[in-house]
Amino acid sequence: MRKVVITGVAGFLGSHLAKDLIDQGNEVIGIDNLYTGKKKNLTDLNKDKFTFINTDICSNELLKHPLLKNIHEIYHLACPASPKYYQARPLETINANTVGTINMLELAKQNRAKILYASTSEVYGDPEVSPQPETYRGNVNTWGPRACYDESKRMGEVFCYLYYSLYNVKVRVARIFNTYSAGLANDDGRVISNFVIQALTGKDITVYGSGEQTRSFCYVTDTIAGFKKMMENEKANGEIINIGNPTEYKIIEIAHLVKELTNSDSHIIFLPLPEDDPRQRKPNIQKAKMLLNWEPKVSIDEGLKQTINIYKEKLVN
Ligand code: NAD
Ligand code: UDP
């Protein structure tokens with residue numbers, strides 16, 4: 001049994017990861033300030049194996065917390081991930097990825113624990129190469145609404161590099177590409193939850209721009225399996241690894257697919273494209289395949305069907 005800290009535990013990925021690790025017999029200490037996370041995401045967790053600390057990861061006092069001792073692993077996920085929410089609190093988003101990341105790296109250093117940092121495909125910005133390998137250095141705008149997220153995630157990676165190279169802290173950086181499932185909150189604002197809920201409730205399906213921009217969608221169970229492999233495998237120590245599904249879709253294709261799979265009468269409408277919305281995104285996952293023997297298993301059809309079924313139940317209850 002390992003003692004594992006998860007920051008951002010009440011959010012989409014954090015709550016899935018906590019359930020998985022607890023089901024495997026580990027003890028989980030979860031930290032969250034409930035900005036985008038919800039306490040109800042934690043209600044099913046086994047209380048004997050789970051403790052919740054309701055606080056901001058940037059807190060000066062956090063490292064003195066009596067429960068944060070003898071820790072084996074840290075998954076540092078705390079940071080709003082939906083553009084709607086990180087753009088509503090840009091300075092807090094920067095703090096989570098800078099001050100908060102230093103706090104978690106210090107915690108790893110004190111405990112000689114391994115730490116996985118949740119970085120993002122957004123570090124590639126509006127990429128000029130496709131697919132994007134980890135060696136691509138990105139095309140990010142410092143002067144725009146996405147900069148608070150993209151640039152602070154890049155800075156978070158720098159802190160990971162420094163603690164790895166200066167203090168031998170065992171770090172892993174996961175560059176996560178768009179992950180989805182029905183675990184996304186109804187008001188999250190990201191594309192899959194928006195489209196599925198709109199289709200199921202007969203509202204217009206809102207495509208931003210022409211819908212020609214692309215994304216590559218990974219089902220949550222695949223992403224979580226990738227995180228765990230990164231944590232377990234010593235070959236991932238000191239490495240940045242793309243975690244995503246390389247099958248790329250235009251957003252308009254996703255709108256039609258959701259409409260078809262839900263059998264919905266909703267109309268597809270076109271709204272303005274948000275500023276700096278990346279035109280394409282597709283991971284090169286050769287490194288994950290080679291080092292971790294990891295690749296996604298769930299197709300978009302299968303993942304969307306599961307997502308739709310769970311949202312149907314959630315919307316009724
Ligand atoms: P989410 O918004 O659902 O969850 C983030 C959690 O962090 C929430 O529970 C929120 O309350 C908490 N949080 C935010 N700021 C905090 C702070 N200062 N102190 C304590 N808690 C704080 O997002 P998610 O989709 O679960 O993403 C988790 C992580 O993975 C994020 O770091 C995100 O940047 C990264 N990521 C996610 C995706 C994706 O597709 N889901 C893609 C790329 C990167
Ligand atoms: N998008 C859309 N309609 C929506 C929400 C998002 O067309 O209701 C588009 C958005 O402009 C982007 C893509 O879907 O091109 C993915 O958006 P999301 O916010 O899920 O994640 P991002 O990859 O942009 O961070």
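Let me start with ligand 1: α1 (12–23), β2 (27–32) and β5 (114–120) each put at least two residues into the shell around it. Helices here are DSSP runs of H or I with at least four residues, strands are E runs of at least two, and both are numbered from the N terminus. This is a predicted model, in which local features need pLDDT of at least 70 and side-chain atom pairs count only at pLDDT 80 or more, while totals for chains, interfaces and linings use all residues. Residues are numbered from 1 along each chain as its sequence is written, and chains are lettered from A and ligands numbered from 1 in the order in which they are written.

The shell of ligand 1 holds 28 residues, with G8, G11, F12, G37 and A81 the closest. A residue is near a molecule if its C-beta atom, placed from the backbone, lies within 6 Å of it. Which element gives the most to this shell? That is α1, with 3 residues. By class, the shell has 16 nonpolar, 10 polar and 2 charged residues. Nonpolar means Ala, Val, Leu, Ile, Met, Phe, Trp, Tyr, Cys and Pro; charged means Asp, Glu, Lys and Arg; the others, Gly among them, are polar.

Now ligand 2. It has 13 residues around it, and R190, V191, N194, T206 and Y208 come nearest. α6 (191–200) and β8 (205–208) each supply at least two residues of that shell, and β8 has the largest share, 3 residues. The classes are 6 nonpolar, 4 polar and 3 charged.

Next, the cores. A nonpolar core is a set of buried Ala, Val, Leu, Ile, Met, Phe, Trp, Tyr and Cys residues joined through C-beta atoms within 7 Å. Buried means 20 or more other C-beta atoms within 10 Å of a residue's own, exposed means 12 or fewer, and partly exposed is in between, with C-beta atoms placed from the backbone. The largest core has 76 residues, and I6, A18, I74, I115, A174 and F195 touch the most other members. A second, separate core of 5 residues includes Y85, Y86, I94 and Y149.

Last, the backbone. S130 and P131 are joined by a cis peptide bond, omega about -5 degrees, and P131 sits in the loop between β5 and α5 (147–167). N168 is not a glycine, yet has a positive phi of about 60 degrees. Is N168 buried or exposed? N168 counts as exposed because it has 12 C-beta neighbours inside 10 Å.
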